[in-house]
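Subject: Structure for you to look at

Hello,

Here is the structure we talked about. Please open it beside this message and follow along.

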Amino acid sequence: MAKVQKIKGFADLFPDEAALFTHMERIAREVFPRYGFGELRTPILEKTELFQKSIGEDTDVVGKEMFTFPDRKGRSLTMRPEATAGVVRAFIESKTHQPGKVSKYFTFGPMFRYERPQKGRQRQFHQINAEIFGADEPQADAELILMLRAFLNSLGLTKLTVELNSLGCHECRPAYKQALTDYYKSKDKNLFCEDCRRRMDTNPLRVLDCKVDACKKLVADAPVITDHLCSECEAHFADVKAILDGAGVSYELNPRLVRGLDYYVRTCFEVTSLDIGSQTSVAGGGRYDGLIKNLGGPDCSATGFACGMERLALLLGGLEAAVPDFYLAVVEDAAANEAMLFAQQLRDKGLCGEVSFSGGSMKSRMRAANKSGARTCLIMGGDEMANKTITVKDMVGDREQETLDRALYLASL
Ligand code: HAM
């Protein structure tokens, strides 16, 4: 019979890899609350219109990459392609915002984008996400970058590049868009890819983000946003940079960084690495004032970021496996039940280890004990059963073996 296989671009996480993910979550849970963040869990499935209204109809994510389907009553639902839109929706629905109040949330979980799978790019991937609501100040953007750095440093990742830009605001961006449009007009339209020919009119900034080589070359000399910022945006950006400078964060200014989602204004950033293949972006984020209001909420500013956990996992490689306390080798089948009950007593004392269930020679069981990496090998056979003893072999030190009274051994632990 044909085997049922997993869906393309989706992955199973077996214990070694799952341990890495748990480790990242544990570090985030340790670091983020130091900055006043609390955990929020939102649904994986949302109404499609939430993403259309927030991420933007003309983005790759909404236009090409969403897992969208009708539910049993024909309502269009989407597997979240990112967490921000859902977090904003939850925040609006909670009605907890009051003027002057700052709310900070982090969230983990699977996201879904129908992209071409490759190293570091999957259709189901995981993000660690952080958002601040209610703070216009550049200090909030800087705090996020400092928190992201603290998180990455705690994971042992120190050689990453921070790319930084300001995308301007609703005041200054229109003039920049016009400058871009004029620039595109000065080029032969047919040299751009089909998507960019359309984006030129609908969303000129998106062209800067195109991955097609020909388009990349064509925009190399395009006007840059940082030459078009209004004085407020310029002052805001200067403060973000000053705080990062003060904290010793090294960053590269990249005036072409526009990010793949439409909701950003002012600060935007990406953390990149050249050590994980062609998908270099490990984390990305920025400010998105205006989105909460656009989705029917209060006039409340917002800024945040998300890290891709698969990409962090690639950078981390692996974790050292925990060393088990014992391996209990049953060397006579009749002793198997008693061995299991003894192992339970050890585990009740907080020790971790395994019991060899059955089969194999004494030699193969000792080999299994060795392979387990356990500190101690315990041996239970007919003699140990009859005498209520346990044979204890030290596997890390002198490799001495002795037979002890079982109750006394337990009491000594
Ligand atoms: P994003 O840049 O689309 O931003 O995604 C953030 C991170 O998710 C990327 O830097 C990357 O590490 C990871 N990622 C994205 N797509 C994939 C994929 N197909 N496979 C593996 N990893 C992937 C956002 O999602 C924004 N919501 C971030 C944000 C939060 N902005 C403000 N608040």
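Helices (H or I, at least four residues) and strands (E, at least two) are DSSP runs, numbered from the N terminus. This is a predicted model, in which local features need pLDDT of at least 70, side-chain atom pairs count only at pLDDT 80 or more, and totals for chains, interfaces and linings use all residues. Residues are numbered from 1 along each chain as its sequence is written, and side-chain values use heavy atoms, with hydrogens and water left out.

The ligand

An N or O atom in the side chain of Glu131 is 2.8 Å from a nitrogen atom of the ligand. Arg259 has a polar side-chain atom 2.9 Å from a ligand oxygen atom. From Phe305, a polar backbone atom is 3.3 Å from a nitrogen atom of the ligand. The protein buries 96% of the 660 Å² that the ligand exposes when taken alone (Shrake-Rupley method, 1.4 Å probe).

The cores

A nonpolar core is a set of buried Ala, Val, Leu, Ile, Met, Phe, Trp, Tyr and Cys residues joined through side-chain atoms within 4.5 Å; buried means under 20% relative accessible area, exposed over 50%, and partly exposed in between (1.4 Å probe, protein chains only). The largest has 95 residues, and Met24, Phe32 and Phe151 have the most contacts inside it. Helix 5 (residues 138-154) gives the largest share of this core, nine residues. Apart from it lies another core of 15 residues, including Phe326 and Tyr409.

Leu319 sits in the loop between helix 12 (309-316) and strand 12 (326-330). Is Leu319 buried or partly exposed? Leu319 is partly exposed, because its relative accessible area is 40%. Beyond its neighbours within four places in sequence, Leu319 is in contact (heavy atoms within 4.5 Å) with Ala19, Leu20 and His23.

Regards

Methods. Polar contact = N/O pair within 3.5 Å; in protein donor to acceptor, adjacent residues only side chain to side chain.
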